[in-house]
Amino acid sequence: MLQYGDHGGGVGYLVGQENRGLEYMFIMMNAARFGVGVQGIAIAERAYQKAVGFARERVQSRPVDGSLPRAAPIIHHPDVRRMLMTMRALTEGCRAMATVAAAAFDAGHHHPDAEVRRQNQAFYEFMVPLVKGYSTEMSLEVTSAAVQVHGGMGFIEETGVAQYYRDAKILTIYEGTTAIQANDLVGRKTSRDGGQTARAIAAQIEDTEADLNNNGSADALAVARRLQLARLAFLEVVAFVADQTRASPNAVFAGSVPYLMLAGNLMAGWQLARAWLVAQEQLAKGVDEAFMRAKLVTARFYADHLLTRAPGLRDAILDGADSVTGLALESF
Ligand SMILES: Cc1cc2nc3c(=O)[nH]c(=O)nc-3n(C[C@H](O)[C@H](O)[C@H](O)COP(=O)(O)OP(=O)(O)OC[C@H]3O[C@@H](n4cnc5c(N)ncnc54)[C@H](O)[C@@H]3O)c2cc1C
C-alpha cells in the first residue's frame, strides 16, 4: 500500500486506486444524501402526526356548513383539512419516492442481468438529488404547516412543533445545500447523458398514465390528466437543460432549483399515482378498506393540489431566467 509522509510525520493512506477518489466520494455522498432525505420524511411524518392530534382537540369557531351549533375542533374547518392533506400527501409521496429509489439501488447491485443493473443504477443516481433536495424542502413546508395548524401555540416552544421546523431547516443545508443538489441534477444527472435517463423515467410515467386511463373511473382519469401535464412540463425542462447547459449556463442554472422541485414533485406524485392503482386493486379484494381509501384520496389530493405546481415551475424555468439575473450586482 502506498504511504505518504508529511513534515509533521502524519501518514496518509491511499484508499482504492489513484485518481478515482471523487468517484468513491460520491458513493459515500449518495448514501449520506439519501439518508438526509429520509430524515426530512421522518420529521415531516412526526410534524403531521402532532398537527393531527392538535387539530382534533383544539376547539375554535363554528363549522362554515352549520353542521354543529357550537365551536368545533379545528379539524372540521376546510382550510385545516387542506393543510393536513398537504402535509400527508407530501410526506407519503416523498416516502414512496425514497422507497422506490432504495429498491432501484438494491436492483442496481444485485439483479442478475447486467443491463437491468445499469438501468436501475442510473435511475437511483437520478433520484438521489431529488430524495435529498425535494424531501428536505418538503419537510420545511410540512413543519411550517404544522406550526400553522397549531396557531399561536405553534409559535411558542411548549408544544415542540416549532422545534421540528427549526430541525428541518438544517436538512436543506448539510450534505450539500438544495442548490448543490440541483447542480448535480442539471450537470451529472441530466446534461451529461443528454437527458436520456430523465426521458426513460418519463416513459415509465406515461405507462402509469395509460394504466390509470384504462381504469377509466373519474378519479383515475383526473389523476392521469394531472400526471400527464406534470410529465410534459418535466420533458420540456429536460430538453431545455440538455440543450442549453453548455450554451447558456446562467439561464439553465437560474432555474436549477425550480427544476429540482418540478422533478421531485413529479416523481413523488407518480409514486402516489401508482399507489392509487394498487389501492384500487386491494380495495376490490376487500383488503384493509380504511387504509386503501385513504391512499386513494391522498393520491387524488396530490394530483389536484401538488402536481398542479409543475406547469408553473416549467414556466418560471423556461421564461424566467432573465429576471433572475437582470438586476445589476450593485443594485442589490
Ligand atoms: C449542524 C451542521 C452540521 C454539519 N455537519 C457536517 C459534517 O458532519 N461533515 C461535514 O463535512 N460538514 C458538515 N456540515 C457542513 C455542511 O455540509 C455545509 O455547511 C453545507 O454543505 C453548506 O456549505 P457552506 O456552509 O460552505 O455554505 P456555502 O457553500 O457558502 O453556501 C452558501 C449559499 O450559497 C449557495 N451556493 C454555494 N455554492 C453554490 C453554487 N455553486 N451554485 C449555487 N449556489 C451555491 C448555497 O446553496 C447556499 O445557499 C455541517 C453543517 C451544519 C450547520
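The legends below describe close-up views of a predicted model.

**View 1. Residues around the ligand.**
The shell around the ligand consists of Ile-170, Ile-173, Tyr-174, Glu-175, Gly-176, Thr-177, Ala-179, Ile-180 and Asn-183. By class, five of these residues are nonpolar, three are polar and one is charged. Helix 6, which spans residues 178-191, gives the most to this shell, with three residues.

**View 2. Polar side chains at the ligand.**
Thr-177 places a polar side-chain atom 2.7 Å from an oxygen atom of the ligand. For Asn-183, a polar side-chain atom lies 3.2 Å from a nitrogen atom of the ligand. The ligand taken alone exposes 970 Å², of which the protein buries 28%.

**View 3. Glu-175 in the loop between helix 5 and helix 6.**
Glu-175 sits in the loop that lies between helix 5 and helix 6, and Glu-175 is one of the residues that surround the ligand. Its phi is near 55°, a positive value in a residue other than glycine. With a relative accessible area of 32%, Glu-175 is partly exposed.

Although Asn-19 is not a glycine, its phi is positive, at about 65°. Asn-19 has a relative accessible area of 82% and is exposed, whereas Glu-175 is partly exposed.

**View 4. Val-161 in helix 5.**
Val-161 belongs to helix 5, residues 161-171. The relative accessible area of Val-161 is 0%, so this residue is buried. Apart from neighbours within four places in sequence, the contacts of Val-161 are Lys-50, Ala-146, Val-147, His-150 and Gly-154. Between the C-alpha atoms of Val-161 and Ala-71 there are 24 Å in space, and the two residues are 90 apart in sequence.

**View 5. Ala-162 in helix 5.**
Ala-162 is also placed in helix 5. Its relative accessibility is 15%, and Ala-162 therefore counts as buried, the limit being under 20%. When residues up to four places away in sequence are not counted, Ala-162 touches Val-147, Gly-154, Phe-155, Ile-156 and Glu-157. Val-147 and Gly-154 are also among the contacts of Val-161. Ala-162 and Thr-143 are separated by 19 residues in sequence and, C-alpha to C-alpha, by 7.8 Å in space.

**View 6. His-150 between helix 3 and helix 4.**
His-150 is found in the loop that joins helix 3 (114-149) and helix 4 (152-155). A relative accessible area of 4% makes His-150 a buried residue. Beyond neighbours within four places in sequence, His-150 is in contact with Lys-50, Ala-51, Phe-54, Thr-159 and Val-161. Lys-50 is in contact with Val-161 as well.

**View 7. The buried face of helix 12.**
In helix 12 (residues 309-319), the buried residues are Ala-310, Arg-314 and Ile-317. Seen down the helix axis, the buried residues of helix 12 fall within an arc of 70°, so they line one face of the helix. An α-helix has 3.6 residues a turn, so residues three or four places apart point the same way. The cover over the buried residues of helix 12 includes helix 8 (218-244), helix 10 (256-284), helix 11 (289-306) and helix 13 (321-325).

Methods. Residues numbered from 1 in each chain as written. Predicted model: local features only at pLDDT ≥ 70, side-chain atom pairs only at ≥ 80, totals over all residues. Heavy atoms only, no water. Near = heavy atom within 4 Å. Polar contact = N/O pair within 3.5 Å; in protein donor to acceptor, adjacent residues only side chain to side chain. Areas by Shrake-Rupley, 256 points an atom, 1.4 Å probe, with all protein chains shown as cover. Helix = DSSP H or I, 4+ residues; strand = E, 2+ residues; numbered from the N terminus. Nonpolar A, V, L, I, M, F, W, Y, C, P; charged D, E, K, R; others polar. Buried < 20%, exposed > 50% of the residue type's maximum accessible area, 1.4 Å probe, protein only. Arc of directions from axis to C-beta. Contact = heavy atoms within 4.5 Å.
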